[in-house]
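Here is a short briefing to read alongside the model. Please keep the sequence and the 3D view open as you go.

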Amino acid sequence: MPVDKQAEINPAEGKLGVLLVGLGAVSTTFIAGVEAIKKGFAQPIGSLTQMGTIRLGKRTENRVPLVKDFVPLAQLKDLVFGAWDIFPESAYDAALNAGVLEKELLAQLKEPLRKIKPMKAVFDQTYVKRLSGTNVKTGENKFELAQQLIDEIAGWKRKNKCSRLVMIWAASTEIFLKRHPVHKTIESFEKAMRENHKAIAPSMIYAYAALKSGIPFANGAPNLTVDIPALMTLADKNKVAICGKDFKTGQTLMKTIIAPGLKSRMLGLHGWYSTNILGNRDGEVLDDPDSFKTKEESKLSVLEYILQPEVYPSLYKGFSHVVRINYYPPRGDNKEGWDNIDIFGWLGYPMQIKIDFLCRDSILAAPIVLDLALFLDLAQRAGMKGVQEWLSFYFKSPQTAPGLYPEHDIFIQLMKLKNTLRHLRGEDLITHLGLEYYD
Ligand SMILES: NC(=O)c1ccc[n+]([C@@H]2O[C@H](COP(=O)([O-])OP(=O)(O)OC[C@H]3O[C@@H](n4cnc5c(N)ncnc54)[C@H](O)[C@@H]3O)[C@@H](O)[C@H]2O)c1
């Protein structure tokens with residue numbers, strides 16, 4: 001993500017089209033939320049771009065602007081939404097089905113939501129076993145499907161008079177795929193698309209179409225998608241910003257808040273058992289072991305990286321970490337996540353922490369979608385290409401440059417994000433050293 005100091009940032013002029021793959025619980029809660037905020041019905045709670053501030057210079061300077069006043073972000077009034085889904089329902093009907101937001105609120109937003117009708121999806125049930133739908137594109141092979149997407153995106157941009165676009169994957173979690181030799185180069189990837197190779201999942205076809213069209217891409221699910229050498233090379237070559245994977249909400253958000261605290265006080269960990277009940281469509285998809293495996297890998301990696309057992313063997317070597325998701329329809333989107341944390345302190349004496357997080361998955365995810373759309377657009381206008389590690393803050397399984405381990409500690413992630421914004425505007429980075437106040 002190299003950028004010159006005091007980078008030139010093109011202004012956020014004109015409309016920004018936000019293309020969402022998947023028009024389910026997360027996407028509709030995001031779109032409805034933005035419409036509600038625009039009408040003054042609610043506040044953008046949970047969104048760093050809308051509510052966050054950034055300290056500049058010394059503590060004595062009292063310079064603390066809002067993030068959105070500090071960097072030139074697209075304004076909410078300039079956002080236009082488009083989506084693909086395998087079901088043909090409008091955003092209004094999809095939001096009603098998702099059952100996250102109250103009917104009364106949705107009724108007031110009916111007009112803008114009704115207008116958003118999903119385009120036909122690139123879909124193959126091999127990759128999401130629990131779903132089947134009719135609103136699906138047909139084509140000779142995966143390469144041809146990608147061309148259809150590219151043409152459709154260009155037409156959508158013209159029709160909606162957008163000056164810029166971003167694409168966010170908020171569709172179902174695909175089955176677990178490992179990197180395959182066909183993912184190595186752009187050439188081998190394109191050849192594999194033409195041959196309908198099974199290592200090319202639908203999410204990769206969307207990502208390819210985005211990058212070919214010069215559109216930044218974020219991956220909100222744990223699928224490999226854009227985290228393969230071929231697509232990372234394409235992003236660099238076409239100077240497009242990318243980031244992923246898997247929105248950091250719910251239980252993993254809690255984990256990356258609490259684990260850094262335990263480690264900072266050198267408290268040990270015997271084990272961390274996490275279980276969830278979840279009843280929305282995401283829960284249903286994750287009930288399939290192959291999709292769950294993708295999610296499990298994403299959720300499990302967090303603690304190892306934060307606690308660094310190889311650096312602190314007497315505190316963290318061999319701790320037990322278990323993650324379960326159980327599909328339980330009565331709960332809908334209102335997930336309940338339990339954590340039992342077995343820690344130990346001075347002289348090895350054991351203690352326990354219990355967390356019962358009654359959260360709302362899509363309420364936590366929606367502001368992340370907003371921030372990612374705005375920050376990716378900013379990155380693109382600032383000429384930042386390839387993996388945007390500074391957006392790790394939003395992901396369970398942050399994508400990094402090859403050979404770099406991901407940073408999971410949410411406080412380090414936040415510092416990295418804010419320092420990137422300071423860097424973009426040519427402000428001093430904040431180290432929190434502060435010795436100068438005592439000279
Ligand atoms: N809500 C959260 O807190 C959270 C956190 C992290 C990750 N995620 C991920 O975000 C994604 C969306 O979550 P959700 O709760 O909105 O799920 P959802 O099931 O409500 O919505 C997903 C939508 O994607 C559609 N879809 C599936 N494959 C598609 C394809 N190839 N093309 C177009 N549409 C497709 C489905 O038909 C569905 O409408 C999931 O992968 C989920 O794991 C959600």
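The notes below go through the domains, the ligand shell, the cores and the sheets.

This is a predicted model, in which local features need pLDDT of at least 70, side-chain atom pairs count only at pLDDT 80 or more, and totals for chains, interfaces and linings use all residues. Residues are numbered from 1 along each chain as its sequence is written. The protein chain is assigned domain 1 (15-247 + 362-424) and domain 2 (253-358), with bounds that come from an automatic or database domain assignment. Helices (H or I, at least four residues) and strands (E, at least two) are DSSP runs, numbered from the N terminus.

**Two domains and their contact**

- The centres of domain 1 and domain 2, taken over C-alpha atoms, are 26 Å apart.
- Across the boundary, 28 residues of domain 1 are in contact with 26 residues of domain 2; contact means that the C-beta atoms, placed from the backbone, lie within 7 Å.
- On the side of domain 1 that touches domain 2, the elements giving two or more residues are helix 15 and helix 16 (410-424).
- That side of domain 1 has 13 nonpolar, 8 polar and 7 charged residues. Here Ala, Val, Leu, Ile, Met, Phe, Trp, Tyr, Cys and Pro count as nonpolar, Asp, Glu, Lys and Arg as charged, and the others, Gly among them, as polar.

**The shell around the ligand**

- There are 36 residues around the ligand, and Gly 22, Gly 24, Val 26, Ala 221 and Arg 281 come nearest. A residue is near a molecule if its C-beta atom, placed from the backbone, lies within 6 Å of it.
- Two or more shell residues come from each of helix 1 (25-38), strand 2 (79-85), helix 12 (281-286) and helix 15 (361-381).
- Helix 15 supplies the largest share of this shell, 4 residues.
- By class, the shell holds 21 nonpolar, 10 polar and 5 charged residues.
- Both domain 1 and domain 2 give residues to the shell, so the ligand lies between them.

**Nonpolar cores**

- The largest nonpolar core has 112 residues, and Ile 168 and Val 369 have the most contacts inside it. Such a core is a set of buried Ala, Val, Leu, Ile, Met, Phe, Trp, Tyr and Cys residues joined through C-beta atoms within 7 Å.
- Helix 15 gives the most to this core, with 12 residues.
- Each of domain 1 and domain 2 provides at least three residues of this core.
- A second, separate core of 11 residues includes Leu 269, Leu 303, Ile 306 and Leu 307.
- Beyond its neighbours within four places in sequence, Ile 168 is in contact with residues including Val 18, Leu 20, Ala 218 and Val 369.
- Ala 218 sits in strand 5 (residues 217-219), and it counts as buried because it has 31 C-beta neighbours inside 10 Å. Buried means 20 or more other C-beta atoms within 10 Å of a residue's own, exposed 12 or fewer, and partly exposed in between, with C-beta atoms placed from the backbone.
- Leaving aside neighbours within four places in sequence, the contacts of Ala 218 include Trp 169, Cys 243, Gly 244 and Leu 376.

- An open sheet of 7 strands has the order 3-2-1-4-5-6-11, with parallel pairing; two strands pair if DSSP finds at least two bridges between them.
- Strand 3 (119-120) and strand 11 (386-387) are at the edges with a single partner strand each, so one side of each has no neighbour in the sheet.
- Strand 2 and strand 3 run parallel and are joined by 2 bridges; Asp 85 stands opposite Lys 120 in strand 3.

**The antiparallel strands**

- Strand 7 (residues 268-278) and strand 9 run antiparallel, joined by 9 bridges, and Tyr 273 has Asn 340 in strand 9 as its bridge partner.
- Strand 9 (residues 336-344) is also joined to strand 10 by 9 bridges, again antiparallel.
- Between these two, Glu 336 has Leu 358 as its bridge partner, and Ile 341 stands opposite Ile 353.
- Strand 9 and strand 10 make a hairpin with 5 residues between them, and Leu 347 in the turn has a positive phi of about 65°.
- Strand 10 (residues 350-358) is hardly covered, with 0 buried residues among its 9.
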